[in-house]
Amino acid sequence: MSQTDIFHYPPELFDLLVNTLPLLSRGKQSLILFFRGAGVPENLCSDLNERLSYNRDDISKYEIARTILTRINEKNEKYIRERRELLKRVIEFESFTNCWPEDQYKAQGLVAEIRKVVNVKDSFTRMKNEAEKEREKNREEYRKKVEEVKRHKEELENVKRKFYSLFAENNPQRRGKMLEEALNSLFQAFNILVREAFTRVGDNNEGIVEQIDGVVEISGVLYIVEMKWKKDPIGQEDIFQHLGRMYHRANTNGIYISASGYANSSILAAKEALQKDAILLLTDLKEFVDILENEKNLADHFISKNHRARLDKAPYTK
């Protein structure tokens with residue numbers, strides 16, 4: 001028997017047991033002993049024993065079986081163990097030679113039918129339990145997805161507030177720090193690996209020789225990030241400086257983020273760098289606002305810009 005034993009006999013199984021149990025015992029007293037051996041309490045059989053002692057012909061084995069089965073089947077919880085043990089003894093019954101000769105084949109057939117019913121019931125119960133487990137798993141996964149979507153929206157709302165506050169800040173130094181924090185939060189909200197601003201010290205005690213605003217990894221590609229909030233468009237000198245950082249690092253691309261656009265000379269410098277397999281994606285701050293407002297995917301945005309830079313020789317696309 002499996003862990004999903006039938007605790008309460010359904011009608012079809014109840015009737016099968018009523019017709020089978022009398023065949024497994026030659027005598028009426030033996031039948032009661034079969035029930036007692038399965039743990040059925042004596043008080044459920046005492047009146048039947050009295051009737052047998054008074055007049056053995058007053059009650060049949062079928063009436064005994066039906067009466068006791070009815071009594072243990074009415075109490076859903078009280079006689080669970082007895083019902084289980086009785087059913088176990090029936091489906092494991094193999095001593096058919098102890099039955100009356102004329103009852104042996106019939107008893108074997110009925111026991112086989114009970115086994116079939118129990119197996120079907122157990123299989124159905126197992127399938128039902130597995131289906132419920134699967135539904136519960138799906139509910140839990142759905143709940144997690146809903147929570148993740150909610151968390152992501154809340155995170156993006158927080159990033160929006162950081163971005164919009166930039167345009168109200170007039171202190172260039174404070175605004176630069178705020179821009180750095182806002183961009184880091186944006187990349188992190190899209191699960192893009194970020195290494196925040198860092199400096200590189202010279203090997204010969206020269207002090208700080210290089211300052212990098214940050215590094216991100218998108219679709220397995222590393223990008224050195226530079227961000228500027230200037231009054232005028234970014235010129236080629238700024239682009240050359242960032243390209244220099246890229247040239248000193250193998251297999252590293254670049255992202256330049258400007259709040260004031262780009263001069264034609266800077267766009268041309270980025271195009272010429274493509275000939276040296278240096279991919280520098282020129283990005284406007286407005287692109288990030290558009291991503292936030294229209295709930296676009298940040299990683300997909302930069303993957304698209306990368307493809308256009310390599311295929312169309314266009315490092316600056318809006």
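# A walk through the helices

Helix α2 passes helix α4 in a right-handed crossing. Select both to begin: α2 covers residues 28–37 and α4 covers residues 61–74. Keep in mind that this is a predicted model.

**Stop 1: α2 and α4**

Look along the two axes. They come within 9 Å and cross at roughly 20°. Angles under 35 degrees count as roughly parallel, so α2 and α4 are roughly parallel to each other. Now show the side chains where they meet. On α2, pick K28, L31, I32 and F35. On α4, pick K61, I64, A65, I68 and L69. Colour this contact by class: 7 residues are nonpolar, 2 are charged and none is polar.

**Stop 2: the whole chain**

Zoom out and switch to a cartoon view. The protein chain has 11 helices and 5 strands. It holds 318 residues, and 42% of them are buried. Next, consider contacts between residues at least 6 apart in sequence. Of these, 65% join residues at least 24 apart.

**Stop 3**

Select E169. It sits in the loop between α6 (104–166) and α7 (172–189). Is E169 buried or exposed? Its relative accessibility is 15%, so E169 counts as buried; the cut-off for buried is under 20%. Now display what surrounds E169. Setting aside neighbours within four places in sequence, E169 is in contact with R174, R175 and M178.

**Stop 3: α9 and its buried side**

Move on to helix α9, residues 264–274. Select its buried residues: S266, I267, A269, A270, A273 and L274. Look down the axis of α9. These residues cover an arc of only 155° around it, which puts them on the same side of the helix.

**Stop 4: α10 against α11**

α10 passes α11 in a right-handed crossing. Show the side chains at this contact. From α10 come E287, F288 and I291. From α11 come L298, H301, F302 and K305. By class, the contact of α10 with α11 has 4 nonpolar, 1 polar and 2 charged residues.

**Stop 5: two backbone angles**

Most residues other than glycine have a negative phi.

Select E295 first. It lies in the loop between α10 and α11. Its phi is positive, about 55°, although E295 is not a glycine. E295 is exposed, because its relative accessible area is 56% and the cut-off for exposed is over 50%.

Then follow the chain past α11. K313 lies in the segment after that helix. K313 also has a positive phi of about 55°, and it is not a glycine either. How accessible is K313? At 48% relative accessibility, K313 counts as partly exposed.

Key:
Residues numbered from 1 in each chain as written. Predicted model: local features only at pLDDT ≥ 70, side-chain atom pairs only at ≥ 80, totals over all residues. Heavy atoms only, no water. Axes fitted to C-alpha atoms, helices over the stretch in contact; angles between N-to-C directions. Helix = DSSP H or I, 4+ residues; strand = E, 2+ residues; numbered from the N terminus. Parallel < 35°, antiparallel > 145°, perpendicular 65-115°, else oblique. Left-handed = near helix turned anticlockwise from the far one by under 90°. Contact = heavy atoms within 4.5 Å. Nonpolar A, V, L, I, M, F, W, Y, C, P; charged D, E, K, R; others polar. Buried < 20%, exposed > 50% of the residue type's maximum accessible area, 1.4 Å probe, protein only. Arc of directions from axis to C-beta.
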